Amino acid sequence: MRRIRCAIYTRKSSEEGLEQDFNSLDAQREACEAYIASQKHEGWELLPDHYDDGGISGGHLDRPALQRLMQAVDEKRVDQIVVYKIDRLTRSLADFAKLVDRLDAAGTSFVSVTQSFNTATSMGRLTLNMLLSFAQFEREVTAERIRDKIAASKRKGMWMGGSVPLGYQPDGRTLKIDENEATTIRTLYDLYLKHRILREVKERAEQLDLRSRCRRRAGGRISGGKHFDRGHLQHILSNPVYAGRIRHKQQVYEGQHPAIIDPEIWDTVQDMLQGRASIARGSKKMATTSLLAGKLFDETGDRLTPSHSRKNGKRLRYYISHRLVKDRSRKHPDAWRLPAEQLESLIADVIRKKLGQPYIVTTLIRDISASEIAARSAALSEFQQASQHLNLVDRVDLTPGTLTVRLSACELSKALDCHTDRINGDELTLTSPFRMRRRGVELKLHLGDAPPEVDRTLVQNIVKAQKWLAMIIQGKTFAEIAETEGTSKRRVQDVIDLAILAPDILDAIANGEQPEGLTSDYLVKSGVPAVWTDQRDVFGRQ
């Protein structure tokens, strides 16, 4: 009788229960031993070696006991592998194919004591492949269910584990503040708000001997307890958990844990971090800094944050309402999206006009003596660049039609070389009319009433429409006009209605005084009423 050497392999995915005297691995082994004993008449013999993987997933082959078992198979010391169920050996169909190749090469087979089939036959192999496919499917469905549960829990603001941030300690499914570490976090934020440069924050933090948390790793190894590097500081300053929020992928939700940093302060720091984008990729010069980051607010009180896009390789900067960034899933028709350079230029002009007023020094500084006026005026005259004027800004409020700028008493006192207490706070608020005019996708900003501006595209299309209408009157068809003009029939049909605009509307367009939004695209898409009174009713509201 041929001797068949049998090795038992057992596995359990989690470590739960392994500390018990009789655990899942023992139960699997007992069932396998009983099966081998029942096959003694076939020459089956149990090898003494144990191959047990406790607390290891079956989704991969990187398992110590399995590697030892396969080594014994390669050395032809095992004839039969006995498992309780096929998924104890592997849950992956691809990994199973690799194992079968090695088993075939060594002349070894395996058996499941709860699933009866013979791998020596084609039908047995088919059955085995089907079982493994379902095992892998079950594993993937379980993983998806876990991911969905984590996402749903984070939407509710729950802490779902992982590395606990500095400043907090775990408290069930939430976090509680560790006051000793929280002091470090608050100090780092205060340093950044003061210096605005990570390099300086790093240097000041080292001078204060601020350090990361000491962590005891497996095997007694200790990590952390070091001074913060710039990458770690960047992570701390941009982590929404400190504002009482939870991040999941690209979304941020309100958390159930207390905030260490006031959310408004955290938002300000994010604006400052974005505004200090260092160098555009592929460019050798410093990218333009958004000098008004954290200082702009719309009529709802929402902060405008720096943003940018690229067009034809050119970087275009904007200031957009923060709700467009925070909640991308919803439309916000009242949100602002303003070209940064234009807005900065307008605000600098408002400040320049204020500082250029006669006797401005005596207006800004209380109790100024005659001998001081010349020196303070000379100091103020050095402010020529727009960036210098923008550095004086403390806050800007935007409402439809109005721009309100409040200057910083601290920055102004530095510019005038005097103590902050002497700055006249009543003179720090500047208000100016503010208008926006759009031409197609282009938006232009103006102080005061927007000057008349002729929409040349609209004028050219009206001229074309009048020409094409005359050709229609002469008996030409749309197709013939399109062929003559080198355009499409559809384009002729869309544009020709512009020829029937009322005379007073045509005069307003020619003078650049038409209502805002009355463009070629709008007229083509909305259509032109045939009756002039209807045109005035409709287009007068644009």
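This is a predicted model: local features need pLDDT of at least 70, side-chain atom pairs count only at pLDDT 80 or more; totals for chains, interfaces and linings use all residues.
**Cysteines**

I began with Cys214, which counts as exposed at 56% relative accessibility. My cut-offs: buried is under 20% relative accessible area, exposed is over 50%, and partly exposed lies in between (1.4 Å probe, protein chains only). Cys418 has a relative accessible area of 14%, so I noted Cys418 as buried.

Residues are numbered from 1 along each chain as its sequence is written, and side-chain values use heavy atoms, with hydrogens and water left out.

How many disulfides does the structure hold? I found zero disulfides. The test is a pair of cysteine sulfur atoms within 2.5 Å. A disulfide is a covalent bond between the sulfur atoms of two cysteines.

**Helix α11**

Next I checked helix α11, residues 340-355. Helices here are DSSP runs of H or I with at least four residues, strands are runs of E with at least two, and both are numbered from the N terminus. The expected span is 1.5 Å times one less than the number of residues. For the 16 residues of α11 that gives 22 Å, and the end C-alpha atoms are 22 Å apart, which agrees. I also looked up burial in α11. Its buried residues include Leu343, Leu346, Ile347, Val350 and Ile351. Glu344 and Lys354 are also buried.

Then I turned to strands, which pair if DSSP finds at least two bridges between them. Strand β10 (residues 245-248) pairs with strand β11 (residues 251-254) in the antiparallel sense, over four bridges. His248 stands opposite Gln251 in β11. The two strands form a hairpin with two residues between them. In the turn, Lys249 has a positive phi of about 55 degrees.

**Strand β16 and its partners**

Which strands does β16 pair with? On one count, two bridges join strand β12 (residues 296-297) to β16 (residues 393-399), and these run parallel. Leu296 has Val396 in β16 as its bridge partner. β16 also pairs with strand β17 (residues 402-407), in the antiparallel sense over six bridges. There, Thr399 has Thr402 as its bridge partner. β16 and β17 form a hairpin, again with two residues between the strands. Gly401 in that turn has a positive phi of about 95 degrees.

**Val459**

Last, I looked up Val459, found in helix α16 (residues 456-473). Val459 is partly exposed, with a relative accessible area of 30%.
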